[in-house]
Amino acid sequence: MKVVVAVKRVLDYNVKPRVKSDGSGLDLANAKMSMNPFDEIAMEEAVRLKEAGVATEVIAVSCGTTQSQETLRTALAMGADRAILVETSAELQPLAVAKLLKAIVDREAPGLILLGKQAIDDDANQTGQMLAALAGLPQATFASKVSVEGDRLMVTREVDGGEETLSLPMPAVVTSDLRLNEPRYVSLPNIMKAKKKPMETVTPGALGVDVAPHLQTLHVEESAARKAGIKVPDVAALLGALRDQAKVL
Ligand code: AMP
């Protein structure tokens, strides 16, 4: 069974985002970029399925600029067998990414497509769902456990008040939640080996996909700085302060 994993290059989660002075977006010049954390989890799960003898090939796919090659190299160092870069400098919104991934799925015919539950830059949480709808495939989002039993995929998801386990026919689309696994650190020998693994580049045009954005970002601004708190000497003063706050609100 082939497994396709979608990995996005995003601003590293440790970096404080800087908004451009004209409010048109984030200033990413010279900022540290990394693989979206949920995609690392998705990649780890695919590699574990291969190590368990369930998956035969793991293919990492990223859509974006040439720099996304770095993200794909990380995926290869984690254990992916080959990588596909859908190269474009266009602004990619979730629907466009879902269409590109569908074209790759049509071509590769994987048994499982793993994505992160959301990208930490746009926080959209849409691509996996849109891909499943476009490809007409069953989906299980926010997976905290994945296993293959015969020709079915068993996926456990955390829902309000407990856990839900779904049984899906394959091929299926699964998006990873935080508790699915703890991704491995990539070792230096594996980084070296990854340099020799195949990486193919295709364009949206070659896949027959129009990636023109449907939404326009009007304005981006930083959230207001948090106001300093006050110290109160006793419980009576605390209750008074809370009452005053309630009046203001
Ligand atoms: P989103 O819907 O934007 O929150 O993204 C959800 C998931 O879709 C991510 O965790 C990735 O697995 C995948 N994804 C989104 N954008 C891209 C991209 N440009 N390239 C590859 N995968 C992506």
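Strands β8 and β9 form a hairpin in which two residues lie between them, and G161 in the turn has a positive phi of about 80°. Here helices (H or I, at least four residues) and strands (E, at least two) are DSSP runs, numbered from the N terminus, and two strands are taken to pair if DSSP finds at least two bridges between them. The model is predicted, so that local features need pLDDT of at least 70 and side-chain atom pairs count only at pLDDT 80 or more, while totals for chains, interfaces and linings use all residues. Residues are numbered from 1 along each chain as its sequence is written, and side-chain values use heavy atoms, with hydrogens and water left out.

The β8 and β9 strands run antiparallel and are joined by eight bridges. Within this pairing, E158 stands opposite E163 in β9. On the β7 side, six bridges join β7 to strand β8 (residues 152-159), and these two strands also run antiparallel. V148 has L153 in β8 as its bridge partner, and A143 is paired in β8 with R157. A hairpin is formed by β7 and β8 as well, with two residues between them; G150 in its turn has a positive phi of about 65°.

Strand β7 is also joined to β10, by three bridges, and these strands run parallel. A143 stands opposite S176 in β10. The pairing of strand β6 (residues 112-116) with strand β10 (residues 172-176) is parallel and extends over five bridges. In general, strands of a sheet pair through backbone hydrogen bonds, either parallel or antiparallel.

These pairings belong to an open sheet of nine strands with the order β9-β8-β7-β10-β6-β1-β4-β5-β11 and mixed pairing. Strands β9 (162-169) and β11 (199-202) stand at the edges, each with a single partner strand, so one side of each is left without a neighbour in the sheet. From one strand to the next, the twist averages 30°. Helix α1 (residues 37-51) packs on the sheet and touches β1 (2-6), β4 (57-64), β6, β7 (139-149) and β10. The direction of α1 makes about 150° with that of β6. For such angles, axes are lines fitted to C-alpha atoms, for helices over the stretch in contact, and values run from 0 to 180 degrees between N-to-C directions; contact means heavy atoms within 4.5 Å.

The chain as a whole contains six helices and 11 strands. Its C-alpha trace spans about 65 × 45 × 40 Å along the principal axes. Of the 249 residues in the chain, 40% are buried, where buried means under 20% relative accessible area, exposed over 50%, and partly exposed in between (1.4 Å probe, protein chains only). Among contacts between residues at least 6 apart in sequence, 70% join residues at least 24 apart.

Two loop residues illustrate these terms. N36 lies in the loop between β3 and α1 and is buried, with a relative accessible area of 1%. When its neighbours within four places in sequence are left aside, N36 is in contact with K8, V10, Q118, A119 and I120. D22, in the loop between β2 and β3, counts as exposed at 55% relative accessibility. The C-alpha atoms of D22 and V220 are separated by 8.8 Å, although these residues are 198 apart along the chain.

The second largest pocket holds about 550 Å³ of space. A pocket is defined on a 1 Å grid over the protein atoms alone, with a 1.4 Å probe, as an open set of points with protein on both sides within 12 Å along at least five of seven lines; lining residues have an atom within 4 Å of a point. Grid points are joined across faces, edges and corners, and the volume is the space filled by probe spheres set on the points. The lining comprises 23 residues, of which Y13, S34, M35, P37 and E40 lie nearest the centre of the pocket. Two or more residues are given to this lining by each of β2 (9-11), β3 (33-35), α1 and α2 (68-78), and α2 gives the most, with four residues. By class, the lining has 12 nonpolar, five polar and six charged residues. Ala, Val, Leu, Ile, Met, Phe, Trp, Tyr, Cys and Pro count as nonpolar, Asp, Glu, Lys and Arg as charged, and the others, Gly among them, as polar.
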